[in-house]
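Here is a walk through one protein chain, from its overall build to a few single residues. Please keep the sequence and the 3D view at hand while reading.

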Amino acid sequence: MGDVVQQFFAVKAKIAAAEHEAGREAGAVTLVAVSKTFDAADIGPIIEAGQRVFGENRVQEAQGKWPALKGSFPDIELHLIGPLQSNKAKEAVALFDVIETVDREKIAAELAKEIARQGRAPRLYVQVNTGSESQKAGIEPRDAVAFVARCRDVHGLAIEGLMCIPPADENPGPHFALLEKLGHEAGVTKLSMGMSGDYETAIAFGATSVRVGSAIFGTR
């Protein structure tokens with residue numbers, strides 16, 4: 001696993017360089033290490049190397065490995081970065097510290113109900129489908145600001161950020177610029193954007209967190 005640790009430190013160095021290049025404060029960008037499909041044995045060396053923020057795509061998969069890891073490392077922050085089904089809201093609120101994929105009214109209502117019931121409030125981001133791709137989750141850009149307002153005013157949810165996944169075959173820059181604009185209009189302070197292939201570009205456009213998996217762990 002030495003390679004994984006080396007790759008982790010290489011990504012950290014590139015983030016620092018991109019922050020500097022963009023004239024941003026050192027440490028302004030949080031690295032979310034995307035550990036989906038990797039088991040606890042693969043993740044352990046990165047935790048030992050100091051990483052504490054991780055992203056998972058599926059509630060069920062995360063339930064299988066993270067409770068024990070969080071028991072050993074209570075300062076770990078776990079992000080849900082994959083689509084959330086309403087019937088998994090209970091488990092998601094119980095396990096995740098940040099849910100980045102709030103994207104429709106039904107999910108907002110279920111999360112509000114579970115937050116009230118459990119007395120546990122994960123930080124919440126609205127996912128925006130910046131490319132209006134029919135196969136992809138996320139709220140349409142034209143509806144995003146109003147949806148954030150509804151989440152706050154109707155459901156009492158404290159939305160702190162926006163998240164996007166640009167189309168794979170397009171220049172991500174305009175998508176990151178759009179998310180930054182929408183974030184400003186919606187009055188949020190956090191932008192989750194940028195993955196293994198484009199996180200340095202995302203940092204130039206104001207990302208406050210980047211979701212990096214294969215550049216650290218390799219491909220499964």
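Two residues are in contact when heavy atoms of theirs lie within 4.5 Å. Among contacts in the chain between residues at least 6 apart in sequence, 59% join residues at least 24 apart.

The model is predicted: local features need pLDDT of at least 70, side-chain atom pairs count only at pLDDT 80 or more, and totals for chains, interfaces and linings use all residues. Residues are numbered from 1 along each chain as its sequence is written, and side-chain values use heavy atoms, with hydrogens and water left out.

The chain has nine helices and eight strands; these are DSSP runs numbered from the N terminus, helices being H or I with at least four residues and strands E with at least two. Its radius of gyration is 17 Å, close to the 17 Å given by the globule rule for 220 residues, so the chain is as compact as a globular protein of that length. The radius is taken over C-alpha atoms, and the rule is 2.2 Å times the number of residues to the power 0.38. Along the principal axes, the C-alpha trace spans about 50 × 40 × 30 Å.

How much of the chain counts as buried? Of the 220 residues, 49% do, where buried means under 20% relative accessible area, exposed over 50%, and partly exposed in between (1.4 Å probe, protein chains only). In soluble globular proteins, nonpolar side chains tend to be buried together. Here the largest nonpolar core has 60 residues, and Trp66 and Ile216 have the most contacts inside it. Such a core is a set of buried Ala, Val, Leu, Ile, Met, Phe, Trp, Tyr and Cys residues joined through side-chain atoms within 4.5 Å.

Beyond its neighbours within four places in sequence, Trp66 is in contact with several residues, including Ile43, Ile47 and Phe54. Ile43 and Ile47 are among the buried residues of helix H2 (residues 40–48), as are Asp42, Gly44 and Ile46. After H2 comes Gly50, with a positive phi near 115 degrees.

Two further residues can be set side by side. Ser86 lies in the loop between strand S3 (77–80) and helix H4 (89–95), and counts as buried because its relative accessibility is 18%. Not counting residues up to four places away in sequence, Ser86 touches Arg104, Lys106, Ile107 and Glu110. Arg150, in helix H6 (residues 141–153), has 33% relative accessibility and therefore counts as partly exposed. Leaving aside neighbours within four places in sequence, Arg150 is in contact with Glu105 and His155.
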